[in-house]
Amino acid sequence: MKSILACVLLTACLAGVCAARDDKKKDAAKSHPDLSGTWTLDKSKSDFGPFSERPIAKADATLVISEHDPELKITRTLSLNGQQESKEFTYYADERGETNPASIGGGIDVKSKTKWEGDKLVSHAKVTRKGQRGDFDIDTTEKWQVSSDGKTLTQSIEISGPFGMQQLKLVFHRSA
């Protein structure tokens, strides 16, 4: 009889621990904003920094984000002078790592690791480029943050390399 009672108590304790773990996972998933939706670039509120004279600063941009924690899929479409370019990016907020095409330019794969830091999604990457004087590294940090009313998405980008640090700030408004 004592062994049956002990077994029942042990089972109840284990069930409680599992339920508590599940609750923590649900709380963690709720602790950050959902970036899902369609977002349109507001060029007047964005700062393209050193890229302000490049075509990317003049293009209309739309992001379509689908979030299924920990995976985020982003389709970015740029439109300029009747031409359109779309790129797809996948991020994993559990830091498993991902490989995506370069945001600007082409022909380069960027390996990054992504995680939530509070209410910001943060992705760190390092890319080695070939230059006239040899190879050099470029470090990038991208941060995405949704406003408290859920209507604005701000993407902050820091790029560091032999040229110093460059910063960009892209402001998007929710369109759907």
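Trainee: In which loop of this predicted model is Glu95 found?
Mentor: Glu95 has a positive phi of about 65° although it is not a glycine, and at 41% relative accessibility Glu95 counts as partly exposed. Most residues other than glycine have a negative phi. As for its place in the chain, Glu95 is found in the loop between E4 and E5.

Trainee: Which peptide bond is cis?
Mentor: Most peptide bonds are trans. Here the proline concerned, Pro70, has its place in the loop between E2 and E3. With omega near 10°, the cis bond is the one from Asp69 to Pro70.

Trainee: Which residue of E6 does Asn100 stand opposite?
Mentor: Strand E5, residues 98-101, has a covered face made of Glu98 and Asn100, while Thr99 and Pro101 form the uncovered one. E5 pairs with strand E6, residues 109-117, in the antiparallel sense over 4 bridges. Within this pairing, the residue that stands opposite Asn100 is Val110.

Trainee: How far apart in space are Val64 and Arg76, C-alpha to C-alpha?
Mentor: Val64 has its place in strand E2, residues 60-68, and at 41% relative accessibility counts as partly exposed. Leaving aside neighbours within four places in sequence, Val64 is in contact with Gly37, Thr38, Lys73, Ile74 and Thr75. Although Val64 and Arg76 are 12 residues apart in sequence, their C-alpha to C-alpha distance is 6.6 Å.

Trainee: How many residues apart in sequence are the parts that the salt bridge of Lys43 and Asp60 ties together?
Mentor: The side chains of Lys43 and Asp60 meet at 3.0 Å, N to O. Lys43 lies in the loop between strand E1 (37-41) and helix H2 (55-58), whereas Asp60 lies in strand E2, so the pair ties together parts of the chain that are 17 residues apart in sequence.

Trainee: How many salt bridges does a search of the whole structure find?
Mentor: Another of the pairs is that of Asp94 and Arg96, whose side chains meet at 2.9 Å, N to O. Asp94 is partly exposed, with a relative accessible area of 39%, while Arg96, at 51% relative accessibility, counts as exposed. For the whole structure, the number of salt bridges found is 5.

Trainee: Which strand gives the largest share of the lining of the largest pocket?
Mentor: About 870 Å³ of space lies in this pocket. Of the 39 residues that line the pocket, Ala102, Ser103, Ile104, Thr140 and Ile159 are the closest to its centre. The largest share of the lining, 5 residues, comes from the strand covering residues 120-131, which is E7.

Trainee: What percentage of the residues in the protein is buried?
Mentor: The protein has 2 helices and 10 strands, and from the N terminus on its elements run α-β-α-β-β-β-β-β-β-β-β-β. Among contacts with a separation of 6 or more, 34% are between residues 24 or more positions apart. Of the 176 residues in the protein, the buried share is 32%.

Terms used:
Residues are numbered from 1 along each chain as its sequence is written. This is a predicted model: local features need pLDDT of at least 70, side-chain atom pairs count only at pLDDT 80 or more; totals for chains, interfaces and linings use all residues. Side-chain values use heavy atoms; hydrogens and water are left out. Buried means under 20% relative accessible area, exposed over 50%, partly exposed in between (1.4 Å probe, protein chains only). Two strands pair if DSSP finds at least two bridges between them. Contact means heavy atoms within 4.5 Å. A salt bridge is a side-chain nitrogen of Lys or Arg within 4 Å of a carboxyl oxygen of Asp or Glu. On a 1 Å grid over the protein atoms alone, a cavity is a set of points where a 1.4 Å probe fits but cannot get out, and a pocket is an open set with protein on both sides within 12 Å along at least five of seven lines; lining residues have an atom within 4 Å of a point. Grid points are joined across faces, edges and corners, and a volume is the space filled by probe spheres set on the points.
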